[in-house]
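Trainee: Could you walk me through this structure, feature by feature? I would like to learn how to read each one.

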Amino acid sequence: MANLKLDFDDELIAVDDHDRQQRLMAVHDGDEWTIFEGTIDGPHALSKRGRVETANQVLVTALQWVAENDE
């Protein structure tokens, strides 16, 4: 069982995996969501993972990201 924290509002969705010290974050910008990933306490720059159109797609990406980290 992963130790996850989910935080969201209209413009930001963030998922922290505290077991692995990894973060997935999506920012709403106009008509799209830009998704980033990186370490929780690492450098302030996160790597761009991709873009999607809806918050639901962000959540699906977050679930896939969690599954990748569980392997």
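Mentor: Gladly. Let us begin with a term: buried means under 20% relative accessible area, exposed means over 50%, and partly exposed is in between. Keep in mind that we are reading a predicted model.

Trainee: Where is glutamine 21 placed, and what is its phi?

Mentor: Glutamine 21 sits in the loop between β2 and β3. Its phi is positive, about 55°, although the residue is not a glycine.

Trainee: Let us go to the interior. How should I think about a nonpolar core?

Mentor: The general idea is that in soluble globular proteins, nonpolar side chains tend to be buried together. Here the largest nonpolar core has eleven residues: Ile13, Val15, Leu24, Ala26, Trp33, Ile35, Val52, Val58, Ala62, Trp65 and Val66.

Trainee: Which elements each supply at least two residues of this core?

Mentor: They are β2 (12-17), β3, β4 and α1. The largest share is that of α1, with four residues.

Trainee: Is phenylalanine 8 buried or exposed?

Mentor: Phenylalanine 8 is exposed, since its relative accessible area is 58%. This residue belongs to strand β1 (residues 4-8), and it takes part in a nonpolar patch on the surface together with Leu6 and Leu59.

Trainee: How much accessible area does that patch have, and where does leucine 59 lie?

Mentor: The three residues together have about 310 Å² of accessible area. Leucine 59 lies in helix α1 (residues 55-70) and is partly exposed, at a relative accessible area of 39%.

Trainee: What about charged residues? How do I read a salt bridge?

Mentor: In general, side chains of opposite charge can pair when their charged atoms come close. A search of the whole structure finds five salt bridges.

Trainee: Which residue meets aspartate 16 in a salt bridge?

Mentor: The partner is arginine 23, at 2.7 Å from N to O. Aspartate 16 is buried, with a relative accessible area of 9%, whereas arginine 23 is partly exposed at 23%.

Trainee: And which residue pairs with aspartate 17?

Mentor: Aspartate 17 forms a salt bridge with arginine 20, and their closest N and O atoms are 3.3 Å apart. Aspartate 17 counts as buried, with 0% relative accessibility, while arginine 20 is partly exposed, with a relative accessible area of 34%.

Trainee: How far apart are the closest N and O atoms of arginine 51 and glutamate 32?

Mentor: They are 2.8 Å apart, in a salt bridge. Arginine 51 lies in strand β5 (residues 47-52) and glutamate 32 in strand β4 (residues 32-39), so this pair ties together parts that are 19 residues apart in sequence. Arginine 51 is partly exposed, with a relative accessible area of 41%, and glutamate 32 is partly exposed at 31%.

Key: Residues numbered from 1 in each chain as written. Predicted model: local features only at pLDDT ≥ 70, side-chain atom pairs only at ≥ 80, totals over all residues. Heavy atoms only, no water. Patch = residues over 30% accessible without salt bridge, like charges linked within 9 Å, V, L, I, M, F, W, Y side chains within 5 Å. Areas by Shrake-Rupley, 256 points an atom, 1.4 Å probe, with all protein chains shown as cover. Salt bridge = Lys/Arg side-chain N within 4 Å of Asp/Glu carboxyl O. Buried < 20%, exposed > 50% of the residue type's maximum accessible area, 1.4 Å probe, protein only. Core = buried A, V, L, I, M, F, W, Y, C linked by side-chain atoms within 4.5 Å.
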